Amino acid sequence: MLLSIDKLNFSYNSRPILSGITFSVRPGQLVAILGPNGAGKTTLLKCINTIHQAGEGTIFLDGNDVLSMGREHIARAMGYVSQKTEAPRLTVFDAVLLGRTPHMGWQVSRNDMKMVDAALHRLELQDLALRYLDELSGGELQKVAVARALVQEPRLLLLDEPTSSLDLKNQVAILSLLRQVVDGHGMAAVMSMHDLNTAFRFADTVIFLKNRCIHAVVPCCSVTATMVEEVYGLPVEIHHINSYPVVIPLDRTEEKSCPVQ
Amino acid sequence: MHFNDGEVPIAYERYLASKRLVIIVTTLLMALAFMTALSLGAAQVPLSEVIKSLLGMEVSSRHQIIVNSIRMPQAVTAMVAGAGLALSGAVMQAILRNPLGSPFTLGISHAAAFGAALSVMILGGGTMSSTGAITITSPMLTTMAAFTCAVLAAGLIIAISRRSGATPEVMILSGVALAALCTAGTMFLQFFADDVQLAAMVFWTFGDTARASWPEITLLCAITGPAALYFLANAWRYNTIEAGEETALALGINTRRLRLVGMLLSSLVTAVIIAFLGIIGFIGLVVPHLMRRLIGGDHRFLLPASMMSGSLLLLGADTAARLILAPNVLPVSVLTAFLGAPVFLYLIIRGRSCC
């Protein structure tokens, strides 16, 4: 196992946020964490990266106890893309170069810069390389954050809603790239998401969080309408298109008519 | 996944070179300003004589005294203080992630002024000469009192921050509260002071580079130099903080320690400068903003550029302050505030990119 989490608890000001979280991730797996707002998705990712200190439980990455690892050691093993991306007055190139920080000595090496260039090309950001971050759109900023985490060369990528600001084309581009990064490179990624259909389309496994606990851990193809209904409290239907599950909510109160021409 | 098929883009290399050029040009301008400062004054010394004197060649003893004994200490003080204030301002703005980070907003200047006022009251430190000039009878004690209060203020902010998680908000709000407290303390002392003491207290707050002589300059350099080296060595880490707290943590940076040490050193540098020279405003606030606008927010370049421009600006302002109302000398702090405030307003009006 690449990542093993066992009975993880986290409380904020003695208010429990996560309790008894247990799951594991294999190399090559892309895992989506799903659940309603406030279920603890972001907190779980932050606990794995030790941005938040878990109260109880264990986290092992490649057999190493994450909770006793130094911050720099963790940074070499895990990349993290936060939900909100700041836009300081740095160029796109420099912002992505920040991802090399855990591997850097006192100075930026030419190899670091070459890696950044390759990542920018991979994410089609090369034309924006010398633009300042505060001049970018939300979607472009999100791609910069993903590029930064990728040049960190982690074993595990943690992404908090990585596609929330992206248009359809860029959502597919980023998730396809993540799929590509994870497949066959001995890496894994865990991402929190709200868009169920995109999650089912790209992830291998989904973890449903509800009321601070794991409600279910299932392969995407085995997700049932009952499961989604239990987690979100909304009746849904699941149809399969090209063997991918597609969720259609059945709450008709707000439904608009869409005449077929 | 390996990203090993990239090249260093030529445009990026050019971009880095342009930033280095700004630093080099500022340094050259500073050297030029230094020689001009030694040359200009009530008694003109030709530039050639200044250069000869700097190179250790023989010049007239009058020129030797004017350059080496009178103008040199003041010019060096202005350079070191300007560099220290601008660098500390840039670091405070980085670690607090707030464009208002400076010794003023954090109450360090106010605490120093309170310390000086306290020493003037307790030690009876102000006298009036027959010409009406106010002098402080125990400059060393006044300096020590100002320094102690400034360091205590910084220490208090750091202690509160340590207790409450070292977040920028805690640091800034503690600073604002402390500034108000120190101002109240100073006003309390001023209310009970006689006219000579009151004049001495006010006189102390006028920042003046002529107050320091070589022993003080050595101490200024001994504190500013190592602190500057630490800041420059951590320039890249300040970039990670700018990218956001969580991102910095995820990149392996101990943000809490970086903030506390940065705060401690920048406070120490400003405390020692303010204690020796009085309050010199706006350099720590305006210069980093000016440079951020010119070369961006990459601290690898922003810190040295701020240091050099702070040096250049204070030296230029100091020289101008000596010349504007010659033979009277205007305190440099008045001039920096006169110059700094409109520049700052201009930067705000021109757009948010500066902040």
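# Briefing: chains A and B

In chain A, the hairpin formed by S11(A) and S12(A) has two residues between its strands, and one residue of this hairpin, A:Asn242, takes a positive phi near 50°. The model is predicted. Chain A contains eight helices and twelve strands, and 37 of its residues are in contact with 29 residues of chain B.

- Strand S11 (residues 236-241) of chain A and strand S12 (residues 244-249) of chain A run antiparallel and are joined by six bridges.
- Within this pair, A:Glu237 stands opposite A:Ile248 in S12(A).
- A:Ser243 is placed in the loop between S11 and S12 of chain A.
- The phi of A:Ser243 is near 70°, a positive value although the residue is not glycine.
- A:Ser243 counts as exposed because 6 other C-beta atoms lie within 10 Å, and the limit for exposed is 12 or fewer.

- Is A:Thr50 buried or exposed? A:Thr50 has 20 C-beta neighbours inside 10 Å and therefore counts as buried, since the criterion is 20 or more.

**The six-stranded sheet of chain A**

- Six strands of chain A make an open sheet with mixed pairing, in the order S6-S7-S8-S3-S9-S10.
- Strand S6 (78-81) and strand S10 (213-219) of chain A are the edge strands, each pairing on one side only.
- From one strand to the next, the twist averages 15°.
- Strand S3 (residues 30-34) and strand S8 (residues 188-192) of chain A run parallel and are joined by four bridges.
- In that pair, A:Val31 stands opposite A:Val190 in S8(A).
- Helix H5 (residues 138-151) of chain A lies across S6 and strand S7 (156-160) of chain A, and runs at about 175° to S6(A).

**Overall form of chain A**

- The C-alpha trace of chain A spans about 60 × 55 × 35 Å along its principal axes.
- For 261 residues, a compact globule would have a radius of gyration near 18 Å, so the 19 Å of chain A agrees with that expectation.
- Of the 261 residues in chain A, 45% are buried.
- Among contacts in chain A with a separation of 6 or more, 64% are between residues 24 or more positions apart.

**Nonpolar core**

- The largest nonpolar core has 181 residues.
- Which residues have the most contacts inside this core? They are A:Val96, B:Ala112, B:Ala150 and B:Ala271.
- Helix H3 (residues 61-96) of chain B supplies the largest share of this core, 18 residues.
- Leaving out residues up to four places away in sequence, B:Ala271 touches B:Ile108, B:Ala112, B:Phe147, B:Ala150, B:Val151 and B:Ala154.

**Contact between chain B and chain A**

- On the chain B side, 29 residues are in contact with 37 residues of chain A.
- Helix H1 (10-39), helix H9 (235-242) and helix H10 (245-250) of chain B are the elements that give two or more residues to this side.
- By class, the side of chain B that touches chain A has twelve nonpolar, eleven polar and six charged residues.

Methods:
Residues numbered from 1 in each chain as written. Chains lettered and ligands numbered in written order. Predicted model: local features only at pLDDT ≥ 70, side-chain atom pairs only at ≥ 80, totals over all residues. Contact = placed C-beta atoms within 7 Å. Nonpolar A, V, L, I, M, F, W, Y, C, P; charged D, E, K, R; others polar. Pairing = 2+ DSSP bridges. Rg over C-alpha atoms; globule rule 2.2 N^0.38 Å. Core = buried A, V, L, I, M, F, W, Y, C linked by C-beta atoms within 7 Å. Axes fitted to C-alpha atoms, helices over the stretch in contact; angles between N-to-C directions.
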